[in-house]
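Open the model in your viewer and keep the selection tool ready. We will walk through one chain, stop by stop.

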Amino acid sequence: MEEKIKARVMDTPKIKRALHRMTTEIIERNRNLKNLVIVGIRTRGIYIGKRISKLIKEFEKVDVPVGVLDITLYRDDFSESEAQHMVKKTEINFSVAKKDVLLVDDVLFTGRTIRAAMDSLIDLGRPKTIQLLVLIDRGHRELPIRADYAGKFLPTSKREIVQVRLKEIDSGDEVLITEPPGIK
Amino acid sequence: MAFKHKHLLGIQDLTSSEITTILDTAESFYEISTREVKKVPTLRGKTIINLFFEPSTRTRSSFELAAKRLSADIVNFNLKTSSAVKGETFKDTILNLEAMNPDAIIIRHSCSGAVLYASTFSRSNIINAGDGSHEHPTQALLDAFTIRQEKKNFKGLKIVIVGDILHSRVARSNIFLLRKMGAKVTLVGPPALLPLEFRKFGVETDFNLDRAVERADVIMMLRIQLERQEKNFFPSVREYRNLYSLTAQRFRRAKKNAIIMHPGPINRGVEISTDMADCAKSVILKQVENGIAVRMAVLYLLLGGKEREAID
């Protein structure tokens, strides 16, 4: 059975506007853009990170490098679960030491991914600061973590699923709220 | 794809897609050893025992570093100072170590099949680090990882394995793996060390190294086990060297992009000349480096790597 789509909360223009606004906020807050690096969390954080980097280049003519972080090895739920998770590559071709690191992910939920990502980043070097950008903040945090830049705050119930789709790997740009099958 | 095995006993038990899973996973682990902090917390709290009944430098320390870089605790069992010298049986040794609740035991033993036997009564994940002349799966996997790094693809690749095929667990594991991945394997060695029954594994045999070298994309030299020389498998080391040593003169006949491999330890000047072992086409030290990433992948796939759902 297909999962049920409950709402389509963002489309191409809305995502574009949110990224533009957040880019402006990043530029306002980081006066030394040359010290900024972007690290996208697999998978969709990478593409959001690349779009932000492109916008910064458009607005301010500064190149901000984008790295890729795979947090599998830093997860805190290895032993609790059954299925297996494939490890993918971390590809950060620059030093994060003394940098202002902008961590990018699609959805902020429990905060556990971000906890894992921060541990992983700090093992790669000691960043000057870490800032967090997410396209959707859906609440339900289990750890004291918050986003510095959020595209949209989206109150959800815990059993709902928030799906971010991006044209780089999906059919197009959109954010959906869905519910798993079998739940009324 | 998921990796469903509890133990790693040999390459024979694996499918080509499982081999690919291990190599792809190793690809991700490779980068960790290049970091300044060469450690991830993945296997924190897991205990691993290195149980080596035979001497080893590379394999034992490679497994040890692999475990440590994944934050597992690893205990090295030292044959000389162990109760095995007091006559404790293999099974009792394992049962006693197991009473200490390890998660995995890495075993090397001089008897073919010892590791399989251990897996029949052990609760832990058992990893074969070489059993007699049977299999040495992680060596074949790290060889495959190195070949893939250099040649990208196994299909149709011509690989020549040279030396003491009869006694070599490295040769057997490599034959199984390379055949599963679609490479073409030719075995070369003196008749006494190259039983023709090996042809049933789908490989070719040749007693002439000069001829075999010409076609090879990969030349894999094996160690001549000098300790077995008294049994007269070949008339003299000098004759062996004349016929089967990889020398600069011989290597000139090879393809321009052929590479040289050796699982170590090398007998310089016996199966391979010093200039060949150290030349630009030799990937021998690359093999050692890759061993850590491959063993990290094996430990991860057997001991960890589980998830519930995406944690968002």
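The tour goes from domains to a helix and then to a sheet.

**Before you start**

This is a predicted model: local features need pLDDT of at least 70, side-chain atom pairs count only at pLDDT 80 or more, and totals for chains, interfaces and linings use all residues. Residues are numbered from 1 along each chain as its sequence is written, while chains are lettered from A and ligands numbered from 1 in the order in which they are written.

**Stop 1: two domains**

Select chain B. Colour residues 11-136 and 289-303 as domain 1, and 137-288 as domain 2. These bounds come from an automatic or database domain assignment. The centres of the two domains of chain B, taken over C-alpha atoms, are 25 Å apart. Where they touch, domain 1 of chain B gives 23 residues and domain 2 of chain B gives 25. Contact here means C-beta atoms, placed from the backbone, within 7 Å.

Now look at the domain 1 side of this contact. Helix H1 (16-30), strand S4 (125-131) and helix H11 (284-303) of chain B each supply at least two residues. Helices (H or I, at least four residues) and strands (E, at least two) are DSSP runs, numbered from the N terminus. H11(B) gives the most, with six residues.

**Stop 2: helix H5**

Select residues 137-151 of chain B. This is helix H5, whose 15 residues should span 21 Å at 1.5 Å a residue. The expected span is 1.5 Å times one less than the number of residues. The end C-alpha atoms of H5(B) are 20 Å apart, which agrees.

Is H5(B) largely enclosed or open? Eleven of its 15 residues are buried, so H5(B) is largely enclosed by the rest of the structure. Buried means 20 or more other C-beta atoms, placed from the backbone, within 10 Å of a residue's own. Among the buried ones are Pro137(B), Leu141(B) and Phe145(B). Show their cover: it includes H1, S4 and H11 of chain B. Just after H5(B), click Lys152(B), which takes a positive phi of about 70°.

**Stop 3: the sheet**

Show the strands S7-S6-S5-S8-S9 of chain B, in that order: they form an open sheet with parallel pairing. Strands pair if DSSP finds at least two bridges between them. S7 (204-206) and S9 of chain B stand at the edges with a single partner each, so one side of each has no neighbour in the sheet. Neighbouring strands are turned by 25° against each other on average, direction ignored.

Finish on strand S5 (residues 158-162) of chain B. Four bridges join S5(B) to S8(B). Click Ile161(B): its bridge partner in S8(B) is Met220(B).

Terms used: Two residues are in contact if their C-beta atoms, placed from the backbone, lie within 7 Å. A residue is buried if 20 or more other C-beta atoms lie within 10 Å of its own, exposed if 12 or fewer, and partly exposed in between; C-beta atoms are placed from the backbone. Axes are lines fitted to C-alpha atoms, for helices over the stretch in contact, and angles run from 0 to 180 degrees between N-to-C directions.
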